[in-house]
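Please have the model open as you read.

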Amino acid sequence: MAENETLECITEHERILQEIESTDTACVGPTLRSIYDDQPNAHKRFMEKLDARIRNHDREIEKMCNFHHQGFVDAITELLKVRTDAEKLMGQVTDTNRRLQEAGREVTAQTEEVICCRIQQRNMATTVEKLQLCIPVLEMYSKLKEQLESKRYYAALKTMEQLEKVYIPRVSQYRFCQIMAENLPRLREEIKEISMSDLKDFLESIRKHSDKVGETAMRQAQQHRTFNSAVMKQASMGHYAKPVYSLNGRTHTHNGLMMDEDTGDEEEADEEILTAQDLVDFSPVYRCLHIYTVLGDRETFENYYRKQRKKQARLVLQPQANMHETVEGYRRYFNQIVGFFVVEDHILHATRGLVTRAFTDELWNMALSKIIAVLRTHSSYCDDPDLVLELKNLIVIFADTLQDYGFPVNRLFDLLFEVRDQYNETLLKKWALVFREIFELDNYSPIPVETEDEYKLVVSRFPFHDAEIEKQDFPKKLPMSQSVPQIYTQVKEFIYASLKFSESLHRSSTEIDDMLRKSTNLLLTRTLSSCLQNLIKKPHIGLTELVQIIINTTHLEQACRYLEEFITNITNVSPETVHTTRLYGLSTFKDARHAAEGEIYTKLNQKIDEFIQLADYEWGMAESDGRASGYLMDLINFLRSTFQVFTHLPGKVAQTACMSACKHLSTSLMQMLLDTELKQISMGAIQQFNLDVIQCELFASSEPVPGFQGDTLQLAFIDLRQLLDLFMVWDWSTYLADYGQPTSKYLRVNPATALALLEKVYRGMKDTSKKNNIFSQFRKNDRDKQKLIETVVKQLRSLVNGMSS
């Protein structure tokens, strides 16, 4: 067993030694480590084996040296022999080298000179080549500087682009090119800032010039409209080729020929027609747009421009606080707005995408809403129709101008209808003052005409025709007062004024006719009617004036058909046309006449009341004076003179007034008798009252106003007459017997009225008897009469109670 282990150990040591001999020294460590990892004391045996191997190799080396030693000695002997020849050869070579060096020294110097020249030539060629590459770069950079100094920024950007893409890449290795390349972005930013500054200056300038641009555009639109109107008039007359207006300074006809603009007024036509481009330098916008486009920042520029223009639009749309006071305020406002949108329209068509149609439409819609609101507000402050009319003309020119540039303006023409209503209101207020002044200055008496010329003058102002008056000799009087032709003339003036607003509204004749008729109706039914009603209600207007007012309204009513003809002649619209508005003047003057008639009745009654208040009856008088009371005679005389004035009134008016006066007089006299404060009445007072009523009946029977049939007017006093007859005759038996019968003699006497008056008379009788101290005698002698009165009173009371139940 021990022998086997020894054999294995020896075999392992052989393997390790072979591995050490054949392996690199760097890898010997693991091999040697395996020796120590084996059996104890194995390394000692390995060292012994290693020493044996070393000794073996030493013996082999010694054998090899002994084998080659003789050859080495022979070689050393031969080398010593060659040494002498080598020294001799070395001397010869050295000498030869010296001679060559001396001979080639001059050639070497010339060769070095040639080499230096060749190097210089190569460097010069290289330099020229590089300079040829650099010179264009420098020239372009110099050109860039010149362009920047001359403010040709768009060209400068193009030059920068060429430098960056073409020239600098060729010589990018040079430092000056790197500096150039580093400067280009800074220059671009400077150009952007400068161009933006120019744009800001442009925006500030255009804000100041908008007024002038708008004024020019509106003047051209007005000339255009005037020119077309004149052409249409001439075309309607025939033999005229209708031209088409152009803003380029010439006019084209439909046949293709050219007409110079000097065919109109020479001085004005020779003046060149300016456009927005003539008045405003748009180059900053174009330049800035091109610059930002080249720089790839166009969107930023567009957004900035649109934002600033929106701000400017809001500023332009802000009116001055006192704009409504003068037409110049409105004109400046419209000029600025037109100028703003003319500029935007030019920018829209001159640039590609800086502003779009959608953007301008948005701006216009915003502006239109603001304009309409401003005009609504400021026009409502205006109370001068001339100013409103000028405002309307400005709005029309404003709308036509912007319509020529493609902006929708229908809402402006709709606004004009509202302004028309405002205009009509101001006209109505103005004409209300005119009518009031006419009424205040009128003398309310027929117009005196001394000569035929005066008559023709009146007839020329007012359509008056009366065959009877025309047959009369001069001097003569026309039934109406001087206010009638003045009112008629002013109504026509109102129609003319209203027509002025309808011009240039692009409306048909039918629509204009309808506008005129409606506004005239407002004048008649509201303004003139109100003035007439106020006039009639004035305290200083007496019965004479009221009579004349009724006559005046009658003639004005008859003249309404002439006003309709007048409107028809203006508008050329037949009154038979469907939906044609009719004038309501007939109802206006009828209402005024009815109001005047009512006022006549009222004033008559008031006058009667004034006379009644002067009545001073002695209710306890024993006997009457034998004649009518003075106040009543004065009243009757007043009524006679008043009704004489009524001769010019229509028959029914005078008759109604007379009947109303008589009825009121009768009622007032009845109320006087039945006054609750009047406690007793003597028979003498009854007799005096009867005399007054007789005078009233005589007045009624004298036919103060013609046209009454029979004793119609006297019936106004029938209640008083029957009541007084009852007391004067003392016919109580007949009254009580026939009460309730249609044929009763005292049919109009009410039991309550009879009772009240009888009680007053009875108290008067008793009071008189007491004063005369014969009441006891009265009771003895007239006991039957006293019993009769008491019996009548009881029966009357029973009748009154029966009526109330």
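A salt bridge here is a side-chain nitrogen of Lys or Arg within 4 Å of a carboxyl oxygen of Asp or Glu. By that rule, D421 forms a salt bridge with R420, with 3.6 Å between the closest N and O atoms. This is a predicted model, in which local features need pLDDT of at least 70 and side-chain atom pairs count only at pLDDT 80 or more, while totals for chains, interfaces and linings use all residues. Residues are numbered from 1 along each chain as its sequence is written, and side-chain values use heavy atoms, with hydrogens and water left out.

**Salt bridges**

- Across the whole structure, a search finds 22 salt bridges.
- E302 and R298 meet through their side chains in a salt bridge of 2.5 Å, N to O.
- These two sit four residues apart in helix α9 (residues 298-316), so about one helical turn separates E302 from R298; helices are DSSP runs of H or I, at least four residues, numbered from the N terminus.
- E302 is buried, at 14% relative accessibility, while R298 is partly exposed at 23%.
- R331 pairs with E328 in a salt bridge whose closest N and O atoms are 2.6 Å apart.
- Both R331 and E328 belong to helix α10 (residues 327-350), three residues or about one turn apart.
- R331 is partly exposed at 31%, and E328 is partly exposed at 38%.
- A network of salt bridges links D95, R98, R99 and E102.

**Cavities**

- A cavity is a set of points, on a 1 Å grid over the protein atoms alone, where a 1.4 Å probe fits but cannot get out; its lining residues have an atom within 4 Å of a point.
- Two cavities of 30 Å³ or more are present, where grid points are joined across faces, edges and corners and a volume is the space filled by probe spheres set on the points.
- The largest cavity has a volume of about 40 Å³, and its lining includes F439, D442 and Y444.
- Helix α18 (residues 543-558) gives the largest share of that lining, four residues.
- The second largest cavity also holds about 40 Å³ of space, and I487, Y488 and V491 are among its lining residues.
- α16 gives the most to the lining of the second largest cavity, with three residues.

Notes
Buried means under 20% relative accessible area, exposed over 50%, partly exposed in between (1.4 Å probe, protein chains only). On a 1 Å grid over the protein atoms alone, a cavity is a set of points where a 1.4 Å probe fits but cannot get out, and a pocket is an open set with protein on both sides within 12 Å along at least five of seven lines; lining residues have an atom within 4 Å of a point.
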